[in-house]
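Good morning, colleagues. Please take a moment with the sequence and the model on the screen before I go through its features.

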Amino acid sequence: MDGVLKHHQQEQLQARASRDRGRVAATASINNLSDVLIETVNTPVSLAFSNQQRIESLEASVLAESKLFALNARKWLAMVNKLNASLKELGNVEDWARAIESDVDVVVSVIESQRI
């Protein structure tokens, strides 16, 4: 009976050792699987994060350029308005000059008619 008990205990130890090896192998496999899954998920997330940072940088650049463009547009608009006002004044000066010239012509013709 002693031999049977020892044989049974020996088989139990071997079975326990086999289960432990299986548990260690399963744990390693699960760890490897989880590492692969995490890497699979992290790659697109990392890419999305990188793209988001690039987009935010471009957004800031576009915002700065659009502010500069708006400032330049306001300056150009002010210059165009000033030019228009100057052209109107020039037109008024031309009308005034024509009126003066007409008046001078009338005066000259009156003076010439008096000489005769």
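Predicted model: local features only at pLDDT ≥ 70, side-chain atom pairs only at ≥ 80, totals over all residues.

Let me begin with a question: by about how many helical turns are Asp20 and Arg23 separated in helix H1? The answer is about one, because these two residues lie three positions apart in that helix.

Asp20 and Arg23 are joined by a salt bridge, with 2.8 Å between the closest N and O atoms. As a general point, oppositely charged side chains can pair when their charged atoms come close. Asp20 itself is partly exposed, because its relative accessibility is 34%.

The secondary structure of the chain amounts to one helix and zero strands. The radius of gyration is 49 Å, well over the 13 Å that the globule rule gives for 116 residues, so the chain is more spread out than a compact globule. Along the principal axes, the C-alpha atoms fill a box of roughly 170 × 10 × 10 Å. The helix, H1, covers residues 2–115, and Leu83 is found in it.

Two pairs of residues illustrate these dimensions. His7, which has its place in helix H1, is 62 residues from Phe69 along the chain, and their C-alpha atoms are separated by 91 Å. Ala17, also located in helix H1, is 51 residues from Leu68 in sequence, with 75 Å between the C-alpha atoms. Both His7 and Ala17 count as partly exposed: His7 because its relative accessibility is 47%, and Ala17 because its value is 30%.

What share of the 116 residues is buried? The figure is 0%. The accessible surface of the chain comes to about 10600 Å², and carbon and sulfur atoms account for 64% of that area.

I turn next to the charged side chains. How many salt bridges does the structure hold? There are three. One of them is the Asp20 and Arg23 pair already described. Further along, Glu94, Asp95 and Arg98 are linked in a network of salt bridges.

Arg98 and Glu94 are four residues apart in the helix, so about one helical turn separates them. Arg98 and Asp95 are three residues apart in helix H1, and therefore about one helical turn separates this pair as well.

Glu94 is partly exposed because its value is 40%, and Asp95 is partly exposed because its value is 43%.

For the chain as a whole, there are 13 positive and 15 negative charges, and the mean positions of the two sets are 15 Å apart.

Finally, the nonpolar surface. Which residues form a nonpolar patch there? They are Leu83, Leu87, Leu90, Val93, Trp96, Ile100, Val104 and Val108, and together they have about 740 Å² of accessible area.

The structure holds three salt bridges, and Glu94, Asp95 and Arg98 are linked in a network. Thank you for your attention.

Conventions: Residues numbered from 1 in each chain as written. Heavy atoms only, no water. Patch = residues over 30% accessible without salt bridge, like charges linked within 9 Å, V, L, I, M, F, W, Y side chains within 5 Å. Areas by Shrake-Rupley, 256 points an atom, 1.4 Å probe, with all protein chains shown as cover. Salt bridge = Lys/Arg side-chain N within 4 Å of Asp/Glu carboxyl O. Buried < 20%, exposed > 50% of the residue type's maximum accessible area, 1.4 Å probe, protein only. Rg over C-alpha atoms; globule rule 2.2 N^0.38 Å. Lys, Arg positive; Asp, Glu negative; His and termini not counted. Charge placed at Lys NZ, Arg CZ, Asp CG, Glu CD.
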